[in-house]
Amino acid sequence: MADPRGAWPRLRTILLAVNLLILALPLGGVATLRLYENELLRRTESELFSQGAFVRAAYLHALRAQPDAPPPEALGHLASRPETPAGPRPDHLTPILPRLDLANDTIYPATLDAAPPQAPPHPAAQAAGLLLLPVLQDAQRTTLAGVRVVDAQGVVVASTRGDMGRSIAHRPEVRRALQGERVAILRERVSDEPPPPVESLSRGTRVRIFAALPIRDGEHVLGAVILSRTPLDVSKGLWSMRWELGLLLFTLLAVALLVSLLVSRTITRPLRRLADQTRQIAQGTLPAADLAPLDFPGTAEVAQLSAAFVALTRAQDERAAYIQTFASNVSHEFKTPLASLRGTAELLRDHADAMTPDERARFLDILDADADRLSRLIARLAELARADVLRPGDERAQPALVAADLAARFDLPPLDLPPQPLPDLRIHPATLASLLTNLIENARQHAGPHARITLALHAPDPLHVALTVSDDGLGISPANLPR
């Protein structure tokens with residue numbers, strides 16, 4: 001029998017795939033939101049660095065454009081740290097790559113207030129800052145970023161926040177920028193304002209990004225540009241992408257629907273069809289001969305179950321037909337001796353006194369013969385029942401020896417054995433003798449008193465033995481032959 005599983009996937013494979021897909025949906029959503037939140041941070045960081053690069057270039061240009069521009073060493077000090085370029089490049093370009101990570105970077109407390117300066121800023125730096133101030137204030141209406149330009153001592157010379165002339169050198173990002181390092185940090189955002197509406201561009205996140213770029217002239221640090229802005233939070237970012245997210249949600253719903261259809265087609269529907277077949281078999285509306293395995297079992301396990309159900313149903317149907325035929329044959333076998341016993345007993349009851357001793361003895365012999373016949377029938381039925389339920393074991397029988405013993409017991413013609421040795425059979429010798437005895441006694445009973453019964457053996461191949469019980473009686477009548 002061909003393997004009913006065929007090329008169908010296993011049920012555990014489908015369930016594992018479905019569970020992994022269901023697990024991947026929320027995990028993928030969480031990971032996507034985390035990546036998107038970091039992307040919003042880095043996008044804001046990149047924008048701040050880009051704006052700071054323009055402010056730095058404008059401030060340097062304003063310094064150098066003054067009539068009595070002082071040298072760099074008069075305005076600043078030598079840098080103690082490199083600005084950390086993005087990496088070696090074949091030209092003079094030094095792009096700034098964002099690197100902030102909300103999960104790994106330290107979130108500093110809110111900014112400390114500006115302090116009074118230890119010394120006033122250099123007049124050239126102050127003049128350049130005042131020249132730049134209107135530009136910064138106009139740009140803030142669009143960029144929404146707070147911008148401060150400090151001199152080499154950390155004193156604010158241009159600001160969109162109103163702390164002109166005060167020192168912010170105590171802040172770590174300013175201190176690092178004045179040493180020549182480009183830096184971006186996260187600070188806690190404290191706001192007393194109510195949460196803005198979701199469609200507003202106002203920010204509602206809990207952090208604020210501070211970016212600081214040193215203003216360098218060669219190896220000298222002349223000051224720094226400090227920029228700050230609250231990044232777009234996830235909820236507002238998602239609101240700005242609501243149509244795209246709607247399409248994604250529709251796609252996820254479609255995937256969930258497809259998974260449901262897949263499970264229904266590969267598991268639920270075949271099991272429902274198998275249950276319908278079982279119900280029809282139980283109600284008798286589906287003959288066992290018309291029962292066939294499912295044409296689309298969906299999984300290997302259901303294919304095995306369907307094939308096993310068909311085999312079981314057909315075996316049970318054949319068993320029921322066998323039992324019905326067996327009961328009919330048993331009834332027929334018992335009917336004749338029982339009728340003879342009943343008739344003989346009635347004759348003895350009614351005419352025993354008028355019979356001669358020889359007649360009574362003849363009728364008693366008939367009773368005894370019929371009783372022996374019933375005993376043989378019962379013994380044969382018991383042997384047949386044992387042979388029917390017997391399963392192959394370790395016993396072996398030599399067919400030639402068993403057949404020779406039966407031929408001698410029933411006075412049959414000598415055996416016609418093949419010249420080659422016969423293989424042993426996987427059956428108990430007593431069971432094989434019982435089966436052949438039933439056949440021989442059937443032939444004696446039904447073939448007629450003068451029939452010749454022959455027992456023959458031959459080996460069609462080295463692994464099989466054919467045992468034949470034949471007679472030359474009248475055979476089965478034409479009326480009973482179809483049955």
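These are legends for several close-up views of a predicted model.

**Notes for every view.** Numbering starts from 1 along each chain as its sequence is written, and side-chain values rest on heavy atoms, with hydrogens and water left out. Since the model is a prediction, local features need pLDDT of at least 70 and side-chain atom pairs count only at pLDDT 80 or more, while totals for chains, interfaces and linings use all residues.

**View 1. The chain as a whole.** The chain holds 10 helices and 9 strands; these are DSSP runs numbered from the N terminus (helices are H or I, at least four residues; strands are E, at least two). Of the 483 residues, 33% are buried. For the record, buried is under 20% relative accessible area, exposed is over 50%, and partly exposed is in between (1.4 Å probe, protein chains only). Take the contacts (heavy atoms within 4.5 Å) with a separation of 6 or more: 71% of them come from residues 24 or more positions apart.

View 2. H9 covers residues 399–409, and its buried residues are Pro399, Val402, Ala403, Leu406 and Ala407. Looking down the H9 axis, these fall within an arc of 135°, so they line one face of the helix. That arc is taken over the directions from the helix axis to the C-beta atoms. What do the buried residues of H9 pack against? Their partners are helix H10 (429–446), strand S8 (453–461) and strand S9 (464–471).

**View 3. H9 crossing H10.** The axes of the two helices, H9 and H10, come within 10 Å and cross at roughly 45°. Axes here are lines fitted to C-alpha atoms, for helices over the stretch in contact, with angles running from 0 to 180 degrees between N-to-C directions. H9 and H10 are therefore oblique to each other, oblique being what's left once under 35 degrees is called roughly parallel, over 145 roughly antiparallel and 65 to 115 roughly perpendicular. From H9, Pro399, Val402, Leu406 and Arg409 meet Pro429, Leu432, Ala433, Leu436, Thr437 and Ile440 of H10. Sorted by class, this contact has 8 nonpolar, 1 polar and 1 charged residues.

View 4. Just after H9, aspartate 411 takes a positive phi of about 55°. Aspartate 411 sits in the loop between H9 and H10 and is exposed, with a relative accessible area of 69%. Leucine 144 isn't a glycine either, yet has a positive phi of about 60°. Look for leucine 144 in the loop between helix H3 (123–143) and strand S3 (146–151), where it is partly exposed at 43% relative accessible area.

View 5. Neighbours within four places in sequence aside, glutamine 277 is in contact with Leu286, Leu291, Ala292, Leu294 and Phe309.

**View 6. Val330 and Ile378.** Valine 330 belongs to helix H7 (residues 300–351) and is partly exposed, at 21% relative accessible area. Valine 330 and isoleucine 378 are 48 residues apart in sequence, and their C-alpha atoms are 9.6 Å apart in space.

Conventions:
Ala, Val, Leu, Ile, Met, Phe, Trp, Tyr, Cys and Pro count as nonpolar, Asp, Glu, Lys and Arg as charged, and the others, Gly among them, as polar.
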